[in-house]
Amino acid sequence: MAAKQKRGSLLSDIARNRFSYLIALPALVYVAIFSYSAYSYMIIAFQKYDYRHSGFLAMLTRNKWVGLENFRFFFASRNALQVTRNTLYLNFLFIVVGTFVSVLLALMLNELRCARFAKSAQAVMLFPSYISWIVISYILLSLFSNEYGIVVKLMGRLGMEHVNWYTSADRWPAILVIVKTLKNSGMNSIIFLAAIAGIDTTINESARIDGASRFQIATRVTLPLIMPTVMIMTLLSVGRIMYGDFGMIYAFVGDNGTLYRTTDIIDTYLFRALRRVGDPAQAMAIGMFQSVIGFVMVCGSNAIVRRFYPEGALY
Amino acid sequence: MKRLKVSRIMNVHGFRACLAAVLGMLVLAAALVSGCAQGSPQGAGDPPGTERPSEGSPSGGAPDSGGASAGAQGAPAEVAPLLYVAPGDAPKDLDAALLAINAQLAEDGVGIALQLQYTPWDAWDQKINLMLSTGEKFDMFEVMNDRVSLSNYASRNALADLTGLIGEYGANIAAHNPQLAMDSVTIDGKLYAIPAFWFESATNPEITIRTDILEKYGQPLPATFDELTEVFEHVMGEWEGARKPYIGLSAGGNTLFFNIAEKAYDEWPFVVYDKVFFVAQDGSVANYYETDVFRKNAANAKLWYDKGLISPDTISLVVGTSGDLEKQRLEAGDWLVHAGTLSDINPLKANYPEITADDFQSLDFAPEKPRVRPYGTRNMNAVPAASEHPDAAVKFHNWLLDSQDHYDLFFYGRAGIDYNPVGERSRELIVDPSTNQPPYFFSDWMSGNIAFIRTASTMPKVTAQTLYTLNGSAVDGYASSFTFNAESVQTQFTDVQTAITAVMAPIALGVQDYGSNIGAALDELRAAGVDELVAEFKRQLEGSMR
């Protein structure tokens with residue numbers, strides 16, 4: 001009875017907000033086709049893939065079941081632990097530093113009083129988002145290469161010790177974090193800026209009347225009010241913590257093995273492992289591993305957030 | 001009442017806004033679906049009026065947004081369509097050229113109508129995998145053994161067995177491909193592809209030197225590695241250009257690191273496969289990094305690195321970037337020695353307007369010793385198991401190799417429009433200024449044959465001689481008809497390759513000293529599983545020889 005009532009309320013909600021649902025329809029269709037309908041094919045992660053059996057039923061009944069064999073090639077590798085650790089560590093740094101800088105930028109932009117300057121500052125900050133990693137890799141090369149590097153030459157002129165940046169693995173997590181933050185923070189700050197724009201102006205007004213300074217309003221009023229958005233964005237990022245930024249790492253590091261110790265991530269390792277084999281079953285196995293870990297991370301983080309900061313929880 | 005009116009106006013505006021948004025979303029959804037859908041090869045690239053064969057025709061295989069395709073016009077019902085899926089971007093005049101090709105095929109009564117579908121390189125591996133795994137109907141595709149090998153596809157039952165078809169329809173294929181090339185497409189006694197025996201692989205170690213630079217700096221043509229070192233050092237010291245003429249090497253590139261002197265070693269002849277497997281002509285297999293050959297190569301690399309002949313950035317030049325930087329250096333003409341061959345002198349003319357195709361020489365430090373052919377071919381055309389007329393691919397290849405005219409038409413297009421023949425083995429490109437390419441061409445490396453290939457007139461003569469003429473004195477490498485399948489040792493293969501780029505590359509490129517670093521580097525390689533890997537290679541090689 002209760003279920004019937006619930007279904008009824010959903011239907012009446014759809015009837016009441018049919019245009020809103022219609023707007024959501026393409027996204028729902030997209031998710032249904034490319035996400036949910038593909039779930040059943042995850043069985044190939046446990047099979048030896050055979051190109052002759054492309055239909056689901058044929059796969060189910062005719063492909064050879066191999067248990068966890070398709071996972072073995074990755075977990076048997078002596079590099080599995082290192083690339084998993086690098087993926088988690090780099091993504092953790094990206095999330096923490098990226099979120100901090102984006103929120104800071106949003107707060108600063110919100111405090112700008114000259115509208116023209118605010119707009120141009122925003123445009124300038126957005127610009128790096130549109131530069132490809134390949135172009136940025138050339139910029140890095142012009143900064144750090146032995147032959148052309150501006151930084152290398154400058155350090156030489158200042159009498160500092162020569163550093164071969166492209167063989168110094170320990171320096172690269174910092175370089176990657178700085179570059180990624182510079183590239184993406186402008187774009188990400190827009191979301192937080194939108195959240196700030198949604199704050200009731202009377203709250204800020206009240207704070208001002210009560211004698212709060214602009215800094216106090218920003219840190220004691222604005223920041224707490226956008227924290228739910230910050231938390232939701234962070235939780236969504238945590239869901240993809242097992243997926244590295246392949247485009248960035250491959251453009252910067254490529255096959256420079258001397259940097260693998262700190263920069264080789266699951267995605268780049270898999271690219272090297274699978275490009276000569278191209279086995280869909282193994283690709284599915286590792287994709288599944290990444291998804292499951294991401295799912296667990298999101299659920300776990302959300303549970304923690306729900307307990308200590310319910311407004312910021314996803315559900 | 002007034003409030004109601006305002007609200008109604010609001011609703012009308014809201015409704016319009018909503019409607020506009022919904023329409024926008026629908027357009028986006030339609031674009032998304034059409035972009036992702038498996039369309040037909042008769043796409044935008046088809047000439048008007050093209051009819052798609054209805055029965056048994058390829059139903060899918062649409063190029064994605066970056067791809068292009070074209071089909072045969074008015075193919076009669078009994079003509080089988082041949083949908084050939086190739087990597088890269090379609091040439092500008094594909095449709096017009098295909099009309100000419102299909103007209104010739106029809107005139108010759110081959111009974112096939114060619115359709116070409118291009119898939120951009122960045123999506124190639126995924127796209128072809130998807131097409132094979134979804135059972136899409138297409139008839140021929142490119143296999144590159146240095147990417148996903150033929151044996152890999154065959155082991156997952158992706159390919160049609162062509163043994164009987166080549167026997168029945170492929171007399172020219174058998175006639176123009178040496179046994180070594182046919183062996184390269186044979187797995188367990190079955191022919192799974194048609195070889196593209198388009199160049200002579202007996203070229204290692206490749207060393208091209210610029211004679212115009214030697215002349216400019218008053219240096220003789222070196223005959224030994226020591227002489228080359230001396231000449232190169234002199235040129236480097238006197239170099240007038242802004243960019244130093246380092247030899248082009250890269251950690252992740254295709255060169256076997258630094259190997260240019262190895263033909264003069266006592267151990268020659270031998271071949272090193274996948275930067276790991278050292279195979280001597282007596283069939284013995286070893287870990288390359290444990291051989292004396294590697295020790296000598298590393299010592300030579302160190303000598304050149306210390307003399308400043310190898311770029312100080314050689315270890316850090318990553319594939320994408322280094323490829324471009326090396327290419328820039330090469331095309332700018334800022335080099336004396338190149339560990340490879342040059343295919344076109346045109347780009348060099350910007351800085352060296354007087355340069356000609358004769359200004360290059362290939363160095364051979366032991367001309368009395370034969371070169372070794374490491375493989376028959378690494379490129380081939382395979383037929384998917386789902387193809388409804390696998391004979392079409394065989395018939396097409398047989399037609400291609402039937403005459404020079406057929407070959408010219410398919411690969412170089414229409415004489416006078418896409419190219420001009422120059423003599424029997426060369427051609428002059430007719431370049432469309434809008435694309436800087438001929439209006440139509442098909443790359444020889446995909447399906448070509450060395451017996452018919454025409455080299456561009458702007459190619460250095462030494463390249464044409466080295467790559468596109470069969471070397472009568474070359475010997476087939478012991479493992480030249482064998483392709484290693486790393487499937488069973490995939491983890492070790494990846495880990496060993498990772499260790500090579502991490503710890504061996506600095507030694508192989510002369511950045512680190514061999515003596516003090518090889519011990520630890522070999523330990524790394526062993527920990528990564530190099531011994532199991534070499535044992536598996538040996539086992540498979542011995543099995544294939546049996």
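1. In chain B, the axes of helix α16 (residues 490-508) and helix α18 (residues 530-545) come within 9 Å and cross at roughly 120 degrees. That angle makes α16(B) oblique to α18(B), given that angles under 35 degrees count as roughly parallel, over 145 as roughly antiparallel, 65 to 115 as roughly perpendicular and the rest as oblique. The crossing of the pair α16(B) and α18(B) is left-handed. For the conventions, axes are lines fitted to C-alpha atoms, for helices over the stretch in contact, with angles from 0 to 180 degrees between N-to-C directions. A left-handed crossing has the near helix turned anticlockwise from the far one by less than a right angle, a right-handed one clockwise.

2. Which residues make this contact? From α16(B) they are B:Q492, B:F493 and B:V496, and from α18(B) they are B:V530, B:E532 and B:L533; contact means C-beta atoms, placed from the backbone, within 7 Å. By class, the contact of α16(B) with α18(B) has 4 nonpolar, 1 polar and 1 charged residues. Here Ala, Val, Leu, Ile, Met, Phe, Trp, Tyr, Cys and Pro count as nonpolar, Asp, Glu, Lys and Arg as charged, and the others, Gly among them, as polar.

3. A word on provenance: this is a predicted model, in which local features need pLDDT of at least 70 and side-chain atom pairs count only at pLDDT 80 or more, while totals for chains, interfaces and linings use all residues. Residues are numbered from 1 along each chain as its sequence is written, and chains are lettered from A and ligands numbered from 1 in the order in which they are written.

4. Chain B holds 18 helices and 19 strands, taken as DSSP runs numbered from the N terminus (helices H or I, at least four residues; strands E, at least two). Among contacts in chain B with a separation of 6 or more, 77% join residues 24 or more positions apart.

5. The domain assignment of chain B gives domain 1 (39-197 + 378-457 + 468-483) and domain 2 (208-370 + 484-545); such bounds come from an automatic or database assignment. Between these two domains of chain B, 13 residues of domain 1 are in contact with 13 residues of domain 2. Helix α4 (residues 150-155) of chain B gives the most to the domain 1 side, with 3 residues. That side has 6 nonpolar, 7 polar and no charged residues.

6. What about the two chains? Contacts link 45 residues of chain B with 40 residues of chain A. On the chain B side, α16(B) provides the largest share, 10 residues. The classes on this side are 22 nonpolar, 17 polar and 6 charged.

7. Within chain A, helix α5 (residues 80-111) and helix α9 (residues 172-197) have axes that come within 6 Å and cross at roughly 45 degrees. α5(A) is therefore oblique to α9(A), and the crossing is right-handed.

8. Finally, is B:R427 buried or exposed? B:R427, in strand β17 (residues 426-429) of chain B, is buried, with 23 other C-beta atoms within 10 Å. Its contacts beyond four places in sequence include B:Y412, B:R454 and B:S457.

Terms used
A residue is buried if 20 or more other C-beta atoms lie within 10 Å of its own, exposed if 12 or fewer, and partly exposed in between; C-beta atoms are placed from the backbone.
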